[in-house]
Amino acid sequence: MTSTLTPPAVSRPPEGGKRKRRRPFFGKNPLGLLFSAPYLVFVILVFAYPLVYSVWISFHDFFFAAPGAQVDRPFVGLENYITAFSDPAVIRSFGNVGIFLLINVPLTVVLSLLLASALNKVTHFRAFLRVSFYVPYLTASVAVVAVWLFLFNGNGIVNQVLGPLAPSPSWLVNEHWAMPSIALFVTWKQLGFYILLYLAALQAVPQELYESASTDGAGAVRSFFSVTVPGVRPATVLVLLVSTVTGANLFTEPYLLTGGGGPNGASASPVLIMYQDGLQQGHPDTAAAIGVVLVIVVLGIAWLQNRFAGGND
Amino acid sequence: MQRRTVIGASVLLTAALALSACSGGATTSSTAKHGPITIWYSNNEQEVAWGKQMVSAWNATHPKEQVKGQEIPAGKSSEEVIGAAIAAGNAPCLIYNTAPAAVGQFEKQGGLVDLSKISGGAAYIEARSGKVADQYKNAAGDYFQMPWKSNPVVIFYNKDMFTKAGLDPENPKLSTYADFIDTSKKLVAAGVSKVAIQPAPTSEFFQTQFDFYPLYAAATNGKQIVQDNKSTFANQAGYDVADFWQTMYKDKLSSPEQYTGDSFAAGNSAMAIVGPWAVSVYKDVNWGSVPVPTKNGTPANKTWTFSDAKNIGLYSACKAQGTAWDVLKFSTSKAQDQKLLELTGQMPLRKDLQTTYASYFEKNPTYKAFGDQASRTVEVPPGPNTVEMLQAFRDAWTKTVVTGSGDVKSALNAAASKIDTIAKQK
């Protein structure tokens, strides 16, 4: 009896060893596209379209007009950029926001990581403490600003505690202290959000690494720098990027806390100047020019952060 | 938070841009068309009460031209909300909260109807407001706003605090700069209040209207800070006003720090620089009022001040402009102006105000001084660059006067030069 084994039919690869497969028009997972479509539409409408339109506005003599109004909007080249950056107030606002970022971003990263690590180890009152740090983030700035005005005015509690060490004029009306005060306020207010990001990242750091470090004789500080810090590096990059982007968009605090970017423009931010130029004074073209430069500067900073803090991730 | 601000602004901007970019032909609605309309009025309690009664009085007799009254939507300021509504093409027919400082921009945007082009429009405005109406014309002499009401700025003082400080509360010495400073020093030295007077020391463009401008108007017998596209304030009168306020800040009689809340109501200051709207706000304060000071003192019946007016705009997006014009006339009639006086205490921009409503002023003597003052008020300069000019002035003011950096003469000269350039922009 002989048996014949018939090899299973194997589809032969096409010549050249590579198989040509037609990609479905909507990709491998068309349902995924459907789910992401609303956000994509949102991004296009709310971010991409205005951004592209802002660039267009910045090269034209433009103002907002009623529908149907006969308006000439000639191309003006770099004129809006020259007008905007010939204004010392605009240049100063970029310097101001630079000071803000230099204080706010490192402070945010360090404090939120330290507090998240501490909160991660807390067993009692964990929920209470997490909510406590998150509440300022949820509270409207308008409400919190009034409290800070009380705290930091000439007769406020901060100056009473400091006594003769209190600056004169007081914090928010002092040219040297206005921007650092705002940076401190924003750091405190936003901290809860970044703590949450770090808390999420900390859950992904394997416990075994801490145990190994402990076995090798590492103490708490050594574990923090050798396990925690590298373990949450992707989160750190995210915190750096988000805090830089939100910081560069600084508006509400100089508008409310220092009464419109005072004193003497020491706390005016580029977005505040854009608001004054574009919405109050009817020059959206120069405001757009400032905005475009701000986007480029922020992208540059973000690239540097990603390059130096992102590692190979 | 800032991210939310930017997202919110982006949504507004996108909507405005999309609508302005995609819109087709011009609004062709004429002033002859009639039908239902929507109006916006201010959101303070008194003006809401006035707005509601005016709308129901109109609606009761015009079933086919019903008016829908709404409070102006919330925003950072009414002007920004109106500007966005113009760009989006959804402004209501009438807005009873149109700031004269913003009218030039709204006109440039194509958002306002030229009331002078309406048959009998200019004549109606001038018959109601008299010579005061001239300040509300644009450079071409046309009315893109209906002068409506003013809040002549005066000095309020707390009589009880004056008494405690040993000052005469019925005849306070506040008419000259020297007297004002001397009285302020006595008030602070007596410890009755932390500061004598607390105008907002902040950098918003409109704050100029409540420190420099009233005193400058008084010092110059009613000169605008910009006339014929040229600044007028870099002169001795302007320097004197700036010197006066700089002394107030330097001597700690006013504070460069913004006060959270109402400084006068809270007893932080013994005086305030306000309009008649304040009468209903300061019910719990035993107050008196005097005109703003001048260098050598000016009799009350000859003192000028800033108007702090709010006017009515008829917006080009309106489909039934005939009805809108009729409602505008109805709401500025003698009867409705009386209601405005009674419900808000604000002064209709009407000639012969005191004689027209003699019985009202007889019954409400506290408003008499405001009624008299209303005939001598100065408005912000007209044109599309008003806000930019006021901001340039404010920047120089906060730097030199509020924080005391540099001398006022150089600061005002530099601001004047900058404003002259701005004024020439189209």
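A:Phe125 sits in the loop of chain A between α3 (88–121) and α4 (126–138); helices are DSSP runs of H or I with at least four residues, strands are E runs of at least two, and both are numbered from the N terminus. This is a predicted model, in which local features need pLDDT of at least 70, side-chain atom pairs count only at pLDDT 80 or more, and totals for chains, interfaces and linings use all residues. Residues are numbered from 1 along each chain as its sequence is written, while chains are lettered from A and ligands numbered from 1 in the order in which they are written.

What is the phi of A:Phe125? The angle is positive, about 55°, although A:Phe125 is not a glycine. Most residues other than glycine have a negative phi. A:Phe125 counts as exposed because it has 11 C-beta neighbours inside 10 Å (exposed means 12 or fewer other C-beta atoms within 10 Å of the residue's own, buried means 20 or more, and partly exposed lies in between, with C-beta atoms placed from the backbone).

Now move to chain B, where B:Asn221 lies in the loop between α8 (212–219) and β7 (226–227). B:Asn221 is not a glycine, yet has a positive phi of about 55°. With 14 other C-beta atoms within 10 Å, B:Asn221 is partly exposed.

Let us turn to peptide bonds. Most peptide bonds are trans. A:Ser168 and A:Pro169, however, are joined by a cis peptide bond with omega of about -5°. You can find A:Pro169 in the loop between α6 (157–162) and α7 (178–202) of chain A. Another cis peptide bond links A:Gly262 to A:Pro263, with omega of about -5°. A:Pro263 is in the loop between α11 (252–256) and α12 (270–280) of chain A.
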